[in-house]
Amino acid sequence: MEQQAQAASPMVTAYRDLKARHPDFLVFYRVGEFYEILETDATRVSQMLGLQLTRRRRKDAPDIPMCGVPSGRAEEATERLLRAGYHVALSEQPEEPGGDRPLRLLTPGTSVQDAVLDARAPNGLVALYALGAVVGLAAIDLSTGETMSCAVAPQQLSAALARTTPREIVVAQWQEGGEEMAKAVRASGVPVQRRENSEENLPDLLQEAYPDPALLRGLSEAERAALGSLLSYTKTMVGRLPTAMLSPRHLMMGDVMEIDAPTLQGLEILTDATGRRDGALLHVLDRSVTAAGTRLLVRQLAAPLANPEQIRRRLSLVRHFVENPRQRGDCREALGAMPDVLRAAGRLSVGKATPLDLGAIRDALGQAWTLAEILSPVSAVVPGLKPIVRDLEQMRQGDALALRETLRRALIAQPERDIADFVKPGFDRELDAARAARDEVAEALTQLQAQLAEQTGVRSLKIRRNALIGFHIEVSTAHASGLTSPFVLRQGLASSARFTHPALDDLAAKTETASTRIQAIEEALFKNFVQQALVLRDGLARMAHAAAALDLVAGLAQAAAEGGWVEPTLDHAPHLDIEQGRHPLAENLLEAEGRTFEANDCVMSADRRLWMLTGPNMAGKSTFLRQVAVIVIMAQIGSFVPARQARIGIVDRLFSRIGAGDRLVAGQSTFMVEMLETAAILTRATHQSLVILDEVGRGTSTHDGLAIAQAVMEYLHDTIQARALFATHFHELAVTATPMPHAVCMRMDDAEGRHGELFTYKVLPGIAAQSFGLKIAALAGIPTSVIERARYLLQAR
Ligand code: ADP
Ligand code: MG
């Protein structure tokens with residue numbers, strides 16, 4: 001023990017101490033201009049960031065691996081580590097010697113540095129709290145300060161999580177229903193923090209964050225508990241609570257289409273199978289010109305609307321902008337110049353704002369003004385525009401107007417993060433006076449230098465300043481002996497000598513006074529502006545939401561115009577009537593190759609609600625199934641759709657499963673995964689739901705798989721009575737559908753395309769012939785004699 005304690009320096013001891021308290025974090029320990037990282041963390045960080053790994057040598061003890069990150073590069077370094085899924089603890093230098101070392105804990109969900117955030121993705125931190133039979137869910141986007149909450153049954157959790165697009169989940173309480181909850185959390189694939197916050201007083205935290213109890217009206221116990229845990233976690237991580245919070249938005253599960261995580265992934269809604277965005281539906285639909293517009297679209301796609309009134313209202317806005325391309329262009333241009341004011345306001349709330357954010361608010365207020373001017377004349381005729389225009393108009397009155405005027409007069413054109421020099425000359429008389437004093441002293445210093453050079457005859461004499469000795473006079477060593485009293489030698493170097501002088505000391509003190517004064521005034525002004533902006537936070541947030549909503553509909557209109565899409569009609573009837581539908585992404589891909597996409601109808605009704613689609617491999621089954629689901633999603637977010645005509649009976653829950661054969665899942669047996677997911681559908685689907693099963697049941701021996709697939713199909717058809725689309729290349733399975741009264745057998749055409757394509761990609765009535773495997777084999781170049789033999793064997797069976 002004795003020896004070990006001796007071997008470890010105080011820093012190493014302190015480092016180990018921190019690491020013991022925060023074992024899940026990579027610890028960065030600030031020493032002067034560097035953050036030092038030791039031991040296993042050093043090995044990891046040096047690998048991750050490609051830094052030199054060095055060793056700290058010790059007497060009588062093994063060397064300690066270490067690496068260093070210059071403080072100027074720390075933000076970039078932590079950003080890369082957070083992106084890679086690590087958490088970072090920054091131990092800063094104490095404000096005064098011997099004081100406490102401030103600690104900053106950074107995790108993906110709690111980081112509010114813009115650089116870390118993907119500005120186009122909502123940056124959700126979610127807390128869950130199980131209370132009896134319900135799970136309270138609270139979500140915050142710390143970068144914008146927006147919160148949401150809901151209380152759901154454990155079985156709904158997966159869909160609720162998918163809607164909040166979390167980057168990090170905090171689980172405060174596991175109870176009954178913990179199984180389901182754990183499953184949903186695991187399925188989301190998001191990093192999880194477990195926390196016991198029994199010792200913390202959640203009601204006090206809630207009261208602190210929401211001083212006005214009206215803000216929390218209508219929240220259930222479970223939601224309050226989740227919100228409390230969320231705040232407690234935020235406080236630990238960020239060091240303080242966000243202030244001036246808006247009421248949490250209530251996530252109403254009934255008003256939206258539920259889409260669970262496997263469906264979102266399988267249909268490639270937000271990201272494609274490889275995790276990238278450009279192969280996803282989001283990419284085809286997203287013509288937003290602001291990051292907030294894209295964030296809103298992401299949220300919509302994760303949870304489309306299910307209320308026909310709301311959908312029609314959004315469609316009417318999209319229609320307006322489809323029909324008025326000039327106005328659409330004007331709005332998009334104004335929006336494009338609008339900074340991300342929600343993120344700026346979010347930083348205001350957590351006390352991390354900089355002059356850059358004030359500049360963003362000023363510019364956003366200006367753009368809101370322009371937008372209000374463009375839209376005011378039409379808001380009377382387009383009802384959906386009214387609330388948007390109202391929230392924009394509000395920024396032309398009262399405190400908002402005053403703030404805009406102040407910021408316009410006060411801020412320089414391009415404020416930076418640094419507070420120094422963010423105020424324009426002429427705005428504040430005292431500041432101008434202090435700056436003039438600073439300039440005067442600077443001038444006096446120049447004169448003094450000339451004067452001393454003249455007096456001493458040393459023409460190369462220079463007045464300089466450094467961190468160690470402050471202002472001093474520097475001459476080369478050769479001239480040093482010529483400088484006598486009142487010059488006082490402070491430092492002799494190899495090639496130069498440094499002196500002080502009473503006249504210089506006097507000016508140095510004046511410089512100091514002037515800069516302290518300037519700094520104080522600038523800081524006071526900054527605080528004052530931040531205060532004024534904070535008062536307007538709600539209005540700014542509403543304005544930002546209005547702008548995002550506008551960007552969403554104008555963007556959807558733009559996509560509709562580019563794609564030649566049509567406006568769908570929506571009702572509650574259990575049908576789907578899509579005439580000449582296309583898959584927008586597949587269509588784009590084919591067009592890029594100079595080919596055309598074959599459009600197909602999909603007419604489902606109460607008596608034709610289960611479609612059994614057969615066809616050879618590569619004939620277009622999967623594409624057709626996805627296209628139907630994608631068109632329904634597009635319609636329910638209020639977008640136009642790629643079809644000649646579409647009537648959509650609102651879908652309350654959408655399920656899509658792609659057979660294990662088409663996918664790779666790590667860890668679990670693929671068949672088990674398939675069955676778990678199928679079980680989820682059979683327990684969750686209602687007669688208003690749409691279920692898409694693509695080659696499900698392939699993960700096991702053909703016999704089992706077919707039997708299970710048939711039983712699932714019968715249950716969907718007889719008991720749940722949902723609309724369902726099955727695709728299979730098993731002829732036998734399709735045959736079992738024929739006696740079902742509300743089932744329809746359809747097939748992909750197995751004829752060759754007219755221009756030498758493999759198939760025509762047409763959906764036709766009936767069941768596909770059995771011998772299509774032979775056709776593919778022949779196309780692939782298998783010798784004719786082998787094909788003939790196979791044909792013989794097939795017939796003999
Ligand atoms: P399956 O599921 O029957 O094996 P896919 O839906 O995966 O077939 O389609 C295979 C390929 O056929 C696609 O990658 C696409 O290139 C082409 N394809 C599918 N549907 C169409 C269509 N409607 N029009 C044109 N090409 C299509
Ligand atoms: Mg397929």
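Analyst: Gln580 lies in strand E19 (residues 576–581). Helices (H or I, at least four residues) and strands (E, at least two) are DSSP runs, numbered from the N terminus. This is a predicted model: local features need pLDDT of at least 70, side-chain atom pairs count only at pLDDT 80 or more, and totals for chains, interfaces and linings use all residues. Residues are numbered from 1 along each chain as its sequence is written, chains are lettered from A and ligands numbered from 1 in the order in which they are written, and side-chain values use heavy atoms, with hydrogens and water left out.

User: What makes the phi of Gln580 worth a remark?

Analyst: Gln580 has a positive phi of about 50 degrees, although it is not a glycine. Most residues other than glycine have a negative phi.

User: Why is Gln580 called partly exposed?

Analyst: Its relative accessibility is 27%. Buried means under 20% relative accessible area, exposed over 50%, and partly exposed in between (1.4 Å probe, protein chains only). The value of 27% falls in between, so Gln580 counts as partly exposed.

User: Is Glu268 buried or exposed, and how do you know?

Analyst: Glu268 is at 18% relative accessibility, which is under 20%, so it counts as buried. Glu268 sits in the loop between helix H9 (261–266) and helix H10 (281–285). Glu268 also has a positive phi, about 55 degrees, and is not a glycine.

User: Which peptide bond is called cis, and what is its omega?

Analyst: The bond from Ser485 to Pro486 is cis, with omega near 5 degrees. Most peptide bonds are trans. Pro486 is placed in the loop between helix H19 (477–480) and strand E16 (488–492).

User: Why do Arg408 and Glu405 count as a salt bridge?

Analyst: A salt bridge is a side-chain nitrogen of Lys or Arg within 4 Å of a carboxyl oxygen of Asp or Glu. Arg408 and Glu405 meet at 3.4 Å, N to O, so the pair qualifies. Both residues lie in helix H17 (residues 398–410), 3 residues apart, about one turn of the helix. Arg408 is partly exposed at 39%, and Glu405 is partly exposed at 33%.

User: What makes Asp439 and Arg438 a salt bridge?

Analyst: Their N to O distance is 3.8 Å, and the limit is 4 Å, so the label holds. Asp439 is partly exposed at 46%, and Arg438 is partly exposed at 29%. A search of the whole structure finds 36 salt bridges. Arg30, Glu92 and Arg104 are linked in a network of them.

User: Which parts does the salt bridge of Glu598 and Lys762 tie together?

Analyst: The closest N and O atoms of Glu598 and Lys762 are 2.6 Å apart. Glu598 lies in the loop between helix H22 (584–592) and strand E20 (600–604), and Lys762 in the loop between strand E26 (743–748) and strand E27 (763–765), so the pair ties together parts that are 164 residues apart in sequence. Glu598 is partly exposed at 28%. Lys762 is partly exposed at 35%.

User: How do you know which residues surround ligand 1?

Analyst: A residue is near a molecule or strand if one of its heavy atoms lies within 4 Å of it. Around ligand 1 there are 13 residues, and the closest are Glu598, Met618, Lys621, Ser622 and Thr623. Helix H23 (residues 621–636) gives the largest share of this shell, 3 residues.

User: Why is Leu392 called buried?

Analyst: Leu392 is at 0% relative accessibility, which is under 20%, so it is buried. Leu392 lies in helix H16 (residues 385–393).
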